[in-house]
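Please keep the structure in view while reading.

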Amino acid sequence: MTSTTERLIEMEHRLGAHNYKPLDVVLSRGEGVHVWDVDGNRYLDCLSAYSAVNQGHCHPKILAAMVEQAQKLTLTSRAFRNDQLAHFYEEIAALTGSHKVLPMNSGAEAVETAIKAVRKWGYEVKGVERDKAEIIVCNDNFHGRTMGIVGFSTDPDAREGFGPFAPGFRHVPFGDIDAFRAAINENTVAFLVEPIQGEAGVLIPPAGYFASVRELCTSHGITLILDEIQTGLGRTGRLLAEEHEGIEADVTLVGKALSGGFYPVSAVLSNSEVLGVLKPGQHGSTFGGNPLACAIARAALRVLTEEDMIANSARMGERFQKGLGEIRSNIVKEVRGRGLMLAVELDPAAGGARKYCEALKERGILAKDTHGHTIRIAPPLVITADQVDWALEHFEAVLRD
Ligand SMILES: Cc1ncc(COP(=O)(O)O)c(C=O)c1O
């Protein structure tokens, strides 16, 4: 480690809250699938800022849109209108087949927004008794870090010591349709769920689960809210992960890659009924829907489709997953994923995934451990076959017997 790296890490440690435990690599530049540290070492980014940089680092077209808009107008607040918002609505609605859009900033804000809207919808449209609305959520969910959200997390690190929490959530195991059916009652307004549980370790539900969920939601008048903040916008090889299941959510949450990593932009996409309950003064955000965010998001969506990134995610994901599956190693328990949302689960006897991520870092690959024994792999969707093959060589060297 050089003195610059050491000095910056020491300053971070001394002055910052210790709410993260990053790998000790200090990055200063990014382009496409690569990032460089302050000493000029190059790495293949296999995390993509938790899938926010699907379009690759510093994509030149998104950058150009950002600079152009920043020179004209950045923020008006929603007290006034701006000339980007309507175009953003039109383009994202057309792309995703949505009727109404509510722009926010972080993913967690989009989740909170959906919770507010669906509760109000429950009282005003479904006729649930006041303050009795229930939302079904899954065990091991991850929807963000705000107070409302951590209150229904089942991860002790996320919630212990932060209570008291808001009531109105009921938990079921992910992928268990009988448990879901049993949890429904007359006060159920929504099911909030990730199509693939990302932070829990890239957990894919059994085939047919979401089709049955969709049927039950429709027959019981329950709003299906899919949190596609991580899975959406090409990550799984489709625009939205719901397409793998052949279903359509009533409310879809997107964030992260909605800006290609340039800026926090998220959105609640819905049918007219749910977002239709929000009236002036009932929800908002100073930065939500600002012209800079809208211009960036418009460019980020454009390059995703124009540059064939979604199909590339499907192709490269298949190649990467197949290659990982062929590594002969008795510490690898399972390789799973969809598109470029991949995970290698290690045998607990291997001593935790973190040390393998450290070893990968030494070889020029940045990947992140999750939940102790899982290495999560999510490179930008612009990765090429040569880059996948190069990465596989190093994964093999680190994981093989
Ligand atoms: C599925 C899911 N929902 C919500 C969030 C929260 O997004 P943000 O960190 O932008 O608040 C995340 C972040 O990792 C996520 O993966």
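How much space lies in the second largest pocket? In this predicted model, the volume of that pocket is about 710 Å³. Its lining comprises 27 residues, and those closest to the centre are Arg 78, Tyr 89, Val 101, Leu 102 and Pro 103. By class, the lining of the second largest pocket consists of 13 nonpolar, ten polar and four charged residues. Helix H4 (85-96) and strand S4 (100-104) each contribute at least two residues to this lining; S4 gives the most, with five residues.

Seven strands form an open sheet in the order S4-S10-S9-S8-S7-S5-S6, and their pairing is mixed. S4 and strand S6 (169-172) are the edge strands, each pairing on one side only. On average, neighbouring strands of this sheet are turned by 20° against each other, direction ignored. Within the sheet, strand S5 (residues 134-138) and strand S7 (residues 188-193) run parallel and are joined by three bridges. Ile 135 stands opposite Ala 190 in S7.

Two helices may now be placed against these strands. Helix H4 packs on the sheet, where it touches S4, strand S9 (251-254) and strand S10 (266-270). The direction of H4 makes about 120° with that of S4. Helix H5 (residues 107-126) likewise packs on the sheet, touching S4, S5, S6, S7, strand S8 (223-227), S9 and S10. The direction of H5 makes about 160° with that of S7.

Notes:
Residues are numbered from 1 along each chain as its sequence is written. This is a predicted model: local features need pLDDT of at least 70, side-chain atom pairs count only at pLDDT 80 or more; totals for chains, interfaces and linings use all residues. Side-chain values use heavy atoms; hydrogens and water are left out. On a 1 Å grid over the protein atoms alone, a cavity is a set of points where a 1.4 Å probe fits but cannot get out, and a pocket is an open set with protein on both sides within 12 Å along at least five of seven lines; lining residues have an atom within 4 Å of a point. Grid points are joined across faces, edges and corners, and a volume is the space filled by probe spheres set on the points. Helices (H or I, at least four residues) and strands (E, at least two) are DSSP runs, numbered from the N terminus. Ala, Val, Leu, Ile, Met, Phe, Trp, Tyr, Cys and Pro count as nonpolar, Asp, Glu, Lys and Arg as charged, and the others, Gly among them, as polar. Two strands pair if DSSP finds at least two bridges between them. Axes are lines fitted to C-alpha atoms, for helices over the stretch in contact, and angles run from 0 to 180 degrees between N-to-C directions. Contact means heavy atoms within 4.5 Å.
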